[in-house]
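Subject: A structure for you to look at

Hi,

Here is the structure I promised to pass on to you. Have a look at it first, and then read on for what I found.

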Amino acid sequence: MRLPGNKILRIRGYALAMIFAGMIIMYLGIFFREIPWLMLLFLILGVIPILLSFVVYFWIGMISARAIMVECPNCGGYTKILGTVDYCQHCKEPLTLDKALEGEVFDNDMNVKHRREKIKEELLNKKR
Ligand SMILES: [Zn+2]
């Protein structure tokens, strides 16, 4: 399994990967320059992921403006977190905004409200 990382960095990574994918597709089009319609098809297919990645970059800009900046208790660096549960950009320390989840093992279910409530309930039952 892949190590979990900070969400904003992860989305940015996907956007970058899309730009590369688009460039590779457009590059492949060069091999078909004898067949103009096929080369055009590759160019158009290559432009789509690049445009999508621009949309994603724009979207990241908006959400990171709203994201809450917290100081990581582990490395002291500042990191922007998304959702209830996220990871430090620098040391991958799990961070949470929900005091009830502090010190627990994190998983992605905690970002979904009704599942998070269920986890909290289970934690309370364990403590009783
Ligand atoms: Zn950290």
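I25 counts as partly exposed because 19 C-beta neighbours lie inside 10 Å. The scale behind that word is this: a residue is buried if 20 or more other C-beta atoms lie within 10 Å of its own, exposed if 12 or fewer, and partly exposed in between, with C-beta atoms placed from the backbone. I25 sits in helix α1. Setting aside its neighbours within four places in sequence, I25 is in contact with F42, L45 and G46. Here, a contact means that the C-beta atoms of two residues, placed from the backbone, lie within 7 Å.

Two notes before you go further. This is a predicted model, in which local features need pLDDT of at least 70 and side-chain atom pairs count only at pLDDT 80 or more, while totals for chains, interfaces and linings use all residues. Residues are numbered from 1 along each chain as its sequence is written.

The overall picture

The chain has three helices and four strands. Read from the N terminus, the order of elements is α-α-β-β-β-β-α. Helices (H or I, at least four residues) and strands (E, at least two) are DSSP runs, numbered from the N terminus.

How does the radius of gyration of the chain compare with that of a compact globule of 128 residues? The chain has 21 Å, whereas such a globule would have a value near 14 Å. The radius is taken over C-alpha atoms, and the globule rule is 2.2 Å times the number of residues to the power 0.38. Along the principal axes, the C-alpha atoms fill a box of roughly 75 × 30 × 25 Å. Buried residues account for 12% of the 128 residues. Of the contacts between residues at least 6 apart in sequence, 40% join residues at least 24 apart.

Two domains

The domain assignment gives domain 1 (7-66) and domain 2 (68-127); bounds like these come from an automatic or database domain assignment. The C-alpha centres of domain 1 and domain 2 are 32 Å apart. Where the domains meet, five residues of domain 1 are in contact with five residues of domain 2. On the side of domain 1 that touches domain 2, α1 (7-29) and α2 (36-66) each supply at least two residues. The largest share of that side, three residues, comes from α1. By type, the residues of that side are three nonpolar, one polar and one charged. Ala, Val, Leu, Ile, Met, Phe, Trp, Tyr, Cys and Pro count as nonpolar, Asp, Glu, Lys and Arg as charged, and the others, Gly among them, as polar.

The helices

Let's go back to α1. At 1.5 Å a residue, its 23 residues should span 33 Å, and this agrees with its end C-alpha atoms, which are 33 Å apart. The expected span is 1.5 Å times one less than the number of residues in the helix. In α1, K7, A15, M18 and G22 are buried, and the buried residues of α1 pack against α2 and β3.

UniProt, in an unreviewed entry, places the feature "transmembrane region" at residues 12-32 and 38-60. UniProt positions are given in the numbering used here, feature names are shortened, and annotations may be inferred rather than shown by experiment. In the model, residues 12-32 are 86% helix and 0% strand, with end C-alpha atoms 32 Å apart. Residues 38-60 are 100% helix and 0% strand, and there the end C-alpha atoms are 34 Å apart.

How many residues of α3 are buried? The count is zero among its 15 residues, so α3 (residues 113-127) is hardly covered. K118 and Y27 are 91 residues apart along the chain, and their C-alpha atoms are separated by 49 Å.

A strand and a loop

L95 lies in strand β4 and is buried, with 22 other C-beta atoms within 10 Å. Not counting residues up to four places away in sequence, L95 touches V70, C72, I81, D86, Y87 and C88.

K92 is in the loop between β3 (85-87) and β4 (94-96). K92 has a positive phi of about 65 degrees although it is not a glycine. With 15 other C-beta atoms within 10 Å, K92 is partly exposed.

Enjoy exploring!
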